[in-house]
Amino acid sequence: MRRLLCLGVAVLALGAGCTGSSDAPAATPAPGATTASAASGAASASAPASAGATAPATGNAQEVCAAAQNAGGQAVTTFITELGAMLTASGKGDTAAAEEAKGKAEAALRSWAAAVKEQSAKATDPRLKQVLAEIGAEVDTMRADIDSVDDAKLDQLQQRLDALCTA
């Protein structure tokens with residue numbers, strides 16, 4: 001149950017990205033970390049750090065971020081709800097209900113991945129295009145199974161997305 005809660009928090013955080021809200025609490029840098037590296041969320045090995053790494057995305061970013069946020073929020077809510085229903089039904093020995101919930105949870109993941117990839121294709125900012133493509137690829141690896149979710153990877157992608165989608 002604790003992993004389900006952690007999963008829910010990690011996935012909901014990803015679904016809440018691109019809020020553009022500046023009232024979010026500032027990240028506290030790790031000892032010895034610079035403000036720029038803390039704000040960028042530790043750049044990944046596939047995305048080298050650059051002077052513009054933390055600058056907000058340009059072009060149609062506001063539209064793309066809003067659409068990605070909306071699609072992600074809906075899909076994440078459905079995924080978490082159905083995953084919970086699947087676990088509850090499994091606990092009660094209701095195989096049919098568990099399979100139905102599993103199918104709905106996996107459909108939500110497919111929908112989320114497709115929506116994020118669609119927004120990646122629309123993005124005119126190359127950094128936003130890249131992070132959305134990476135999120136889509138990561139969501140593609142997820143299944144209606146707690147062990148399929150890489151919390152650390154989702155968090156790292158979310159931090160990059162948040163930095164790009166600030167207004």
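Predicted model: local features only at pLDDT ≥ 70, side-chain atom pairs only at ≥ 80, totals over all residues.
**View 1. H3 and H4 cross in a left-handed way.** Helix H3 covers residues 61-91 and helix H4 covers residues 95-122. Which classes of residue make up the contact of H3 with H4? The tally is 19 nonpolar, four polar and four charged residues. If this way of describing helices is new to you, two packed helices are described by the angle between their axes and the distance between the axes.

**View 2. The whole protein chain is built from six helices and zero strands.** Before the next close-up, here is a step back for orientation. Reading from the N terminus, the elements follow the order α-α-α-α-α-α. The protein chain has 167 residues, and buried residues make up 38% of them. How much of the contact in the protein chain with a separation of 6 or more comes from residues 24 or more positions apart? Such pairs account for 76% of those contacts.

View 3. The crossing of H4 and H5 is left-handed. On the H4 side, look for Leu109, Trp112, Ala113, Val116, Lys117, Gln119, Ser120 and Ala121. They meet residues of H5, among them Lys129, Leu132, Ala133, Ile135 and Gly136. Further H5 residues in this contact include Ala137, Val139 and Asp140. By class, the contact of H4 with H5 holds ten nonpolar, three polar and three charged residues.

**View 4. The largest nonpolar core contains 34 residues.** Which residues have the most contacts inside this core? They are Trp112, Leu128 and Met142. H3, H4, H5 and helix H6 (151-164) each supply at least two residues of the core. H3 gives the most, with ten residues. As background, nonpolar side chains tend to be buried together in soluble globular proteins.

**View 5. Leu109 sits in helix H4.** Is Leu109 buried or exposed? Its relative accessible area is 3%, so Leu109 is buried; the cut-off for that label is under 20%. Leu109 and Phe79 are 30 residues apart along the chain, yet their C-alpha atoms are separated by 6.8 Å. Leaving aside residues up to four places away in sequence, Leu109 touches Phe79, Val139, Met142, Arg143 and Ala144.

**View 6. Ala61 belongs to helix H3.** With 5% relative accessibility, Ala61 counts as buried. What is the C-alpha to C-alpha distance between Ala61 and Thr124? The two are 7.4 Å apart in space, although 63 residues apart in sequence.

**View 7. Pro56 lies in the loop between helix H2 (35-40) and H3.** This view moves from a helix to a loop. Pro56 has 36% relative accessibility, so Pro56 counts as partly exposed. Which residues does Pro56 touch, not counting residues up to four places away in sequence? The list is Arg127, Ala163, Leu164 and Thr166. Between Pro56 and Ala163 there are 6.2 Å from C-alpha to C-alpha, while in sequence they are 107 residues apart.

**View 8. Asp162 is placed in helix H6.** Asp162 has a relative accessible area of 33%, so Asp162 is partly exposed. In sequence, Asp162 and Ala57 are 105 residues apart. In space, their C-alpha atoms are 10.0 Å apart.

Conventions:
Residues numbered from 1 in each chain as written. Heavy atoms only, no water. Axes fitted to C-alpha atoms, helices over the stretch in contact; angles between N-to-C directions. Helix = DSSP H or I, 4+ residues; strand = E, 2+ residues; numbered from the N terminus. Left-handed = near helix turned anticlockwise from the far one by under 90°. Nonpolar A, V, L, I, M, F, W, Y, C, P; charged D, E, K, R; others polar. Contact = heavy atoms within 4.5 Å. Core = buried A, V, L, I, M, F, W, Y, C linked by side-chain atoms within 4.5 Å. Buried < 20%, exposed > 50% of the residue type's maximum accessible area, 1.4 Å probe, protein only.
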